[in-house]
Amino acid sequence: MPKSELYSPLPPWQRSDYCGALRAGDAGRAVALWGWVAARRDHGGLLFVDLRDREGIVQLLFNPEKNAAAHEIARAVRAEFYLAVKGTVVKRSAATLNAQLPTGEIEIVASEVEILNVSLPPPFPIDDGEAIAEEVRLKYRYLDLRRPAMQRNLRRRHLALRAVRDYLDAHDFVEIETPILFKATPEGARDYLVPSRVNPGKFYALPQSPQLLKQTLMVGGFDRYYQIARCFRDEDLRANRQPEFSQIDIEMTCPRPEDIMTLVEGMFVTVYDRVLNVKVTLPFARLTYEEAMERFGIDKPDMRFGLELRDLSAAFTGTAFKVFADALARGDVIYGIRVPPEMQLARRDLDTMAELLKSRQGLGLAWAKIAADGWQGPIAKHVGDGERRLAAEAVGLAPGHTLLMVAGPRGKVRPALGELRLQLGTKFNLRTSDELRFVWIVEFPLFEYDEAAKRLSPVNHPFTAPMPADLLRLDKEPLGARALAYDLVLNGEELGGGSIRIHNRELQLKILEMLGYSREEAIERFGFLLDALSYGAPPHGGIAFGVDRIAMMLCGTDSLRDVMAFPKTQKAIDPMSGAPSEVDPRQLKELWIKVVS
RNA sequence: GGGGUCGUAGUUCAGCCCGGUUAGAACGCCGGCCUGUCACGUCGGAAGUCGUGGGUUCAAAUCCCAUCGGCCCCGCCA
């Protein structure tokens, strides 16, 4: 309740300090503060108010005998009222220290207070106490954002972006904005479309990434470009996937993959140093795609723990175990994981894993527990001594170990065991360490075979350059061709990826044709890029990182929504504003749109 | 598109399996008392469309069906 009905939109005085920033060294100073009421403790006489701003909480003391007017106003305040306070910083007596608060050595003896705004009781407490339903948090996001955890997360995100900008500026990169209204590209993810009022029946698309534009900038002579770019993809959401997200987008002229990797390594050193004061060790590990798949069964391995895959096909040559023998006869493979004695798997765990494996990959799980007197488990009696010895040698088996095995086509077995490995990592808490295992994955295949569409599809995107050594393979063995592409993985999360691009018009056309575009279609869709490549386009390449995922790692959270100010729910709805919403029919008419439902 | 899980005061939850008084607790809220608290204490009070709709039953928060929404996952995400 403001003093007068004519409330003032201006504060009565300027702030001298942030509440949460005051310390014992400030004792004796007269200060002026603004903040929210975090708590009010009315002792009938003395009255305490915890005042909160973005830096934290400080205790205000109102004494009716010393200042009746201020005390009277303080009696009326409630949670989340916004106050302006003048007072003196006073050292607390030894008996009244609060070791829980950074400001606990002092308090503010209030002399003047004004209520700048009142508040309804907040629907949930503004602290980091018990978890509140996310739906409620998002509906009242402005209150959720006052919570210390969200304040911390968004400021870490800010520090990370600040560090990235400073670092790239220092390396002569130029920040350039590219359009949000751009051309639809029906391949890849689904586009968000924007109707054009002045071009009836035509649509812009929101960019899925500035890929083509940044390549065009290289042709345009900008040499080193970056942008914190907003990207849009109309696909189903996940804990780590939102319809709009930010990307650190980087492109440069004439780089070798090493140049990009070195640049990026330095960038992450800067980010971790400035945000968390953590020293990142260089250089990052590197694995080829093939090695990653062979050892970890995934192209984004979490290298904080072992449990690596082993090819056991050779050990089981000539086995009497029919499942394995048939597999080998078909040309399939057998891979295994050795689980050490300290990770005990109950029969129930093994059954659950087998079920999941069956339902997701359609593969069976074979397992054996290694005891002092031999193998135990359903397959033990089918496996002969020779195979046991060879398998034991191949993976280093000893009593107490459990051996998990999967047989099938190599392309399915390795990812399946890779999935199993991650489950084990989660089950035995191997993924919680805060060590930072950065790893580059290089030499990705250029193409993969799309079973559904019966054609080649790009593993990365169609503008990725093949490795020079594999150029000649393109015609006779395209699936064997490797790309000049690199992904950066941290603790099993893909932070970003990039490549050296194709800068030759003919090669670009050839790749597009290999992907199933006719020459005409290619020119219709990517004509401007092909044209640009025709005018002395320099060799170029770059990389892009998910800002939100980096922020997640820096904040130690599993949900993207905890590092974005205004995220959307799984149905891509914003519970606060109610977006998306219906629009006025007149708006639709102007846009030449009819909703048929 | 599919699978799982949750939905009960403002909030966090219990009750649901095994149907049966007036649907409970804590925090918060409102009022009284209280001069060193800091999640203040203390006394009292208000507060519920048990997500929604239908069904079974003498009787439904509880059982069944449908539907809506949150979250997690698969598909999808060049």
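The model is predicted: local features need pLDDT of at least 70, side-chain atom pairs count only at pLDDT 80 or more, and totals for chains, interfaces and linings use all residues. Residues are numbered from 1 along each chain as its sequence is written, while chains are lettered from A and ligands numbered from 1 in the order in which they are written.

**Chain A as a whole**

Select chain A and colour by secondary structure. There are 16 helices and 22 strands, taken as DSSP runs numbered from the N terminus (helices: H or I, at least four residues; strands: E, at least two). Along the principal axes, the C-alpha atoms fill a box of roughly 95 × 75 × 50 Å. Of the 597 residues, 34% count as buried; a residue is buried if 20 or more other C-beta atoms lie within 10 Å of its own, exposed if 12 or fewer, and partly exposed in between, with C-beta atoms placed from the backbone. Among contacts with a separation of 6 or more, 66% link residues 24 or more positions apart, a contact being two residues whose C-beta atoms, placed from the backbone, lie within 7 Å.

Next, select S1 to S5. These 5 strands close into a barrel in the order S1-S2-S3-S5-S4, with mixed pairing; two strands pair if DSSP finds at least two bridges between them. From one strand to the next, the twist averages 55°. Arg-52 stands opposite Ile-57 in S3.

Angles run from 0 to 180 degrees between N-to-C directions, and axes are lines fitted to C-alpha atoms, for helices over the stretch in contact. Which residues of H1 are buried? They are Ala-70, His-71 and Ala-74. These residues lie on the same side of H1 because they cover an arc of only 100° around the axis, the arc being that of the directions from the helix axis to the C-beta atoms. Their cover includes S2, S3 and S5. On the other side of H1, Ala-68, Ala-69 and Ala-76 are exposed.

**Helix H7**

Move to residues 289-296, helix H7, where Ala-292, Met-293 and Phe-296 are buried. Their arc around the axis is only 105°, so they sit on the same side of H7. The buried residues of H7 pack against S11 (285-288), S12 (309-311), H11 (410-427) and S17 (438-442). Just after H7, Gly-297 has a positive phi of about 70°.

**Strand S14 and its partners**

Select S14 (residues 366-371), in which 5 of the 6 residues are buried. S16 (residues 402-408) is joined to S14 by 4 bridges in the antiparallel sense, with Leu-403 opposite Ala-368. S15 (residues 374-376) also pairs antiparallel with S14, over 3 bridges. These two strands, S14 and S15, form a hairpin with 2 residues between them, and Ala-371 stands opposite Gly-374.

**Around RNA strand B**

Finally, display RNA strand B. It is surrounded by 52 residues, the closest being Gly-44, Gly-45, Gly-188, Ala-239 and Gln-570; a residue is near a molecule or strand if its C-beta atom, placed from the backbone, lies within 6 Å of it. S1 (30-42), S3 (56-62), H2 (134-139) and S19 (455-458) each supply at least two residues of this surface.
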